[in-house]
Amino acid sequence: MAAKKKAEKPAVEPTNEKRRKLEPYTDDAQGKKMTTNTGLFINDDQNSLKAGERGPSLLEDFILREKITHFDHERIPERVVHARGSGAHGVFKVYKPMAEYTKAQFLNDTEIETPVFVRFSTVAGSRGSTDLARDVRGFAVRFYTQEGNFDLVGNNMPVFFIQDAIKFPDLIHAVKPEPDNEIPQAASAHDTFWDYISLTPESAHMIMWVMSDRAIPRSYRMMEGFGVHTFRFVNAQGVASFVKFHWKPLLGVHSVAWDEAQNISGKDPDFHRRDLWDAIESGNFPEWELGVQIVPEEDEFKFDFDLLDATKIIPEELVPVQRIGKLTLNRNPDNFFAETEQIAFHLGHIVPGIDFTNDPLLQGRLFSYTDTQLLRLGGPNFQQLPINKPVVPVYNNQRDGFSRQNIDSGKTNYSPNSLGNNYPEQVRAEQGGYTTYPERVEGYKIRTRSKSFLDHFSQARLFFNSQSDPEKNHLVEALCFELGKVKTVAVRERMLGILSLIDKGLAAQVAVALGLHVPHPPEQPVNKNVPADGALENYEPVNREGDLKISPTLSMANTVKDSIQTRKVAILAADGVDEKALNTVKQLIEAEGGAVEIVSTHLGFITSLNDEQIHVDDTTLTTASVLFDAIYVPGGANSVATIEADADAVHFLNEAFKHCKPIAADASAMQVLEATYFFKKIPSDKGVIVNGQATDLANNFIEAIKQHRFWEREKARKIPA
Ligand code: HDD
């Protein structure tokens, strides 16, 4: 697919009702005169009012006071979790009517393009923290539907750490920087997190996901998304089914290496934010398909896990994912604060045809989101902020409060009323009024955990067993890294106990790195879920084998690898480069949708063999291999000699090799490869393309880039870059 041209912003607006509705609030100061907030033209914005040239500033200076006061109040509390994030506008369109399962209009009308706003995030770090932290990624989607806002507030992992929302504050306290010294930022590799996890066996499955490469995505555009909980679909006849939501990225699911992630955190902490922004600005609109797994109500108890347990997936082999529509992100926000920061997601923003289940994690979330916005956005009127307003009108008897925007006219602000003809009127279900699914519930008031929630290990094992060998190695290394940072030996030991209940080999490998022994025989993990008066047997984890041994869809090795669209290729070149070879490779890569940057030893231009002036995008000082997906070294004697002599350029290649990236070099550039460490140690590698003329070389290189990474290279462990 060819790289698309930069999108003209107005081109996407007419199709997007939300964008049109934001337009009146969006202002540009181009060509405008400066005023105070009351509209007074400002004559001097640079000098405060003083009593004499060198005299004190005067309290009377209302311009100074207004400017400083506003500045003093610019910050709002960051989100208590998911503080660091990036958002974009887009549209969603359903492929086929889903009337059999849900009456939600936006999932039935194939003509409607529903406006959306999506915010991706990390969980633990502060607003200014690195994008590449090992962490869960938030994947929150707001649909501005004709029946009101629907928010699907999910993550890039399909399960969660805990089964009950009452534990959430403890989990988050444990993962956030430690309270005495506020260290470490945006990292789970510390004592309090693993202390908590080692006492919380229900987190075993989630820990497998967080220690996998899913926690260090290559791009937000290359992540899956999941609604996590089991929700409920309800059709027009009132028939309900259970549903799990998925987002499947059309570019496939890809990650970086952990060493690379740590480097990127220093070289470009905005890596994911920049990547999303640049992709949209260049017209390479990120796309996902919405998937659903549907379970008829009568099959609720058919599985060896509980559908209400958010630490469990429904394996796709048991219930296939139907792809029912497409999400396209096609426009960057105009203002980060007004849109990305002020958007207030809430799992309870729901539309007819979609309903909740009794998942205790979900139930608690239904409280938390509005509550947190009240503090974060300063009162009950946050729904009237432009980014939060639905595209449909809002009428009710809620009134007043800080920063009320609406001017609600009329005498009545209560219901029932006769003075206002009893408006706004309630809406019958058949006319779209929301009705809750009349699920029958009865039981004792009781604080307990259902026994059907106690199998904490079989799906953790399923996940581990489903990984490819390189993925398993990464997971083991992640655990060695994280637990290696834990100072308290007893915590490490408890974690080895938990790991041994998932997989003995896994535990043994981690134990070697920690210089410890796996507790033997593996005891039941210390279980601090047990309430003071609770009976242990009601909480004791069950370690069953699990019906399914392998679920191939859980491995990123099986993702789609058919495109190089938006992959970034660095061309290492200097004066005297063979421009024919360079241009052939560059053009073929760009024709496939890849992006090429010329990296040299200085900025400005380089002069090719035939005196062509080639613009340099970056130098080995201003960029780094970790910011690219692949590297190419064209020939040309002088260029090759310069690159070979530049230690940073040689390091660039060694590092790219270490991170398993495809590398191509012209035959006449072999001298550069020979200067590298890897080429001496491993002269032949599937991902190192050195044969063929420019076109063949480019085509083989493109095929290699589609593979993303040559992880099997890591086995050799010989590259110290
Ligand atoms: Fe949450 C934010 C996803 C459990 C309480 N959550 C937040 C965001 C995402 C999630 C993506 C950021 C939204 C945005 O971009 O503005 N949260 C999840 C998922 C969960 C989950 C997938 C488990 C399945 N969350 C969860 C629990 C609680 C919360 C159990 C509390 C009991 N989450 C919050 C919050 C946040 C939030 C405190 C912080 C900022 C906000 O809501 O708007 O209310």
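Predicted model: local features only at pLDDT ≥ 70, side-chain atom pairs only at ≥ 80, totals over all residues.
**Exercise 1.** Determine which element gives the most residues to the shell around the ligand, and describe the shell by class.

*Solution.* 
1. Around the ligand there are 26 residues, of which Arg79, His82, Arg119, Gly138 and Val228 come nearest.
2. At least two residues of the shell come from each of β2 (114–122), β3 (137–145), β4 (148–155) and α10 (360–376).
3. The most is given by α10, with 7 residues.
4. Sorted by class, the shell holds 12 nonpolar, 11 polar and 3 charged residues.

**Exercise 2.** Find which residues of the largest nonpolar core touch the most other members, and list the contacts of Val510.

*Solution.* 
1. The largest nonpolar core has 123 residues, and Val116 and Val510 touch the most other members.
2. Helix α13 (residues 489–502) gives the most to this core, namely 7 residues.
3. With neighbours within four places in sequence left aside, Val510 is in contact with Val476, Leu479, Cys480, Leu483, Leu496 and Leu499.
4. A second core of 48 residues is separate; among its members are Val633, Ile643, Phe657 and Ala665.

**Exercise 3.** State how the chain is divided into domains, and how far apart the C-alpha centres of domain 2 and domain 3 lie.

*Solution.* 
1. Domain 1 covers 85–384.
2. Domain 2 is made of two segments, 457–531 and 539–557.
3. Domain 3 covers 561–716.
4. Between the C-alpha centres of domain 2 and domain 3 the distance is 39 Å.

Conventions. Residues numbered from 1 in each chain as written. Domains from an automatic or database assignment. Core = buried A, V, L, I, M, F, W, Y, C linked by C-beta atoms within 7 Å. Buried ≥ 20, exposed ≤ 12 C-beta atoms within 10 Å, placed from the backbone. Helix = DSSP H or I, 4+ residues; strand = E, 2+ residues; numbered from the N terminus. Contact = placed C-beta atoms within 7 Å. Near = placed C-beta within 6 Å. Nonpolar A, V, L, I, M, F, W, Y, C, P; charged D, E, K, R; others polar.
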